[in-house]
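Take a look at the chain below.

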Amino acid sequence: MGVGMATQELKTTLSPCQVLHHLADVLAPDRFKNITNLFAEIKRVLKPGGFVSINTSSHDQLAAYWFCVALPKAFATIKHRMPSLDEVRKRLEEVGFKDFTVLRDDKPLMGDEYWKYEGCFSEDYRSADSIWSLACDEEYA
């Protein structure tokens with residue numbers, strides 16, 4: 001899996017943000033193989049001393065989203081696609097990352113926008129959000 005920088009090494013910060021669940025292949029025996037491939041590619045292009053910041057949600061952080069109670073089927077689907085933090089650690093170590101830290105931040109990624117429930121009534125909002133876009137008709141009812 002390329003990230004569009006096959007010949008260029010990076011020394012700056014790489015920051016995949018809330019994308020890991022999009023890489024999961026739920027039909028494959030190893031549904032997180034594509035995530036391992038991403039980490040391997042990052043490791044390959046990152047110069048010594050470079051930084052990687054990966055933003056994802058833990059399963060308990062997902063469960064705390066205010067709308068997950070209203071969207072139980074969508075939540076179950078996204079949780080299955082989202083690797084646990086232990087899984088992320090394991091995959092990073094698997095490709096050779098050694099000295100890294102996992103930091104937990106429980107502030108909403110969207111800031112105050114997170115609490116504005118009116119957004120979920122907009123088709124544009126729902127189609128642009130990973131969990132809302134998975135909601136079935138009965139969950140919208």
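Helix axes are lines fitted to C-alpha atoms over the stretch in contact, and angles run from 0 to 180 degrees between N-to-C directions. Helices are DSSP runs (H or I, at least four residues), numbered from the N terminus. This is a predicted model, where local features need pLDDT of at least 70, side-chain atom pairs count only at pLDDT 80 or more, and totals for chains, interfaces and linings use all residues. Residues are numbered from 1 along each chain as its sequence is written, and side-chain values use heavy atoms, without hydrogens and water.

**The helix pair**

Helix α2 packs against α5 at an angle of about 50°, and their axes lie 9 Å apart.

**Arg91**

Is Arg91 buried or exposed? Arg91 sits in helix α5, residues 85-94. Its relative accessibility is 6%, so Arg91 is buried (under 20% relative accessible area, with a 1.4 Å probe and protein chains only). The side chain of Arg91 also makes a polar contact with the side chain of Asp30, at 2.7 Å (N or O atoms within 3.5 Å, one able to donate a hydrogen and the other to accept it).

**Confidence**

The protein chain averages a pLDDT of 77 (the predictor's confidence in each residue, from 0 to 100). Of the residues, 78% score at least 70. Over residues 1-10, pLDDT stays under 50.

Methods
Helices (H or I, at least four residues) and strands (E, at least two) are DSSP runs, numbered from the N terminus. Buried means under 20% relative accessible area, exposed over 50%, partly exposed in between (1.4 Å probe, protein chains only). Contact means heavy atoms within 4.5 Å.
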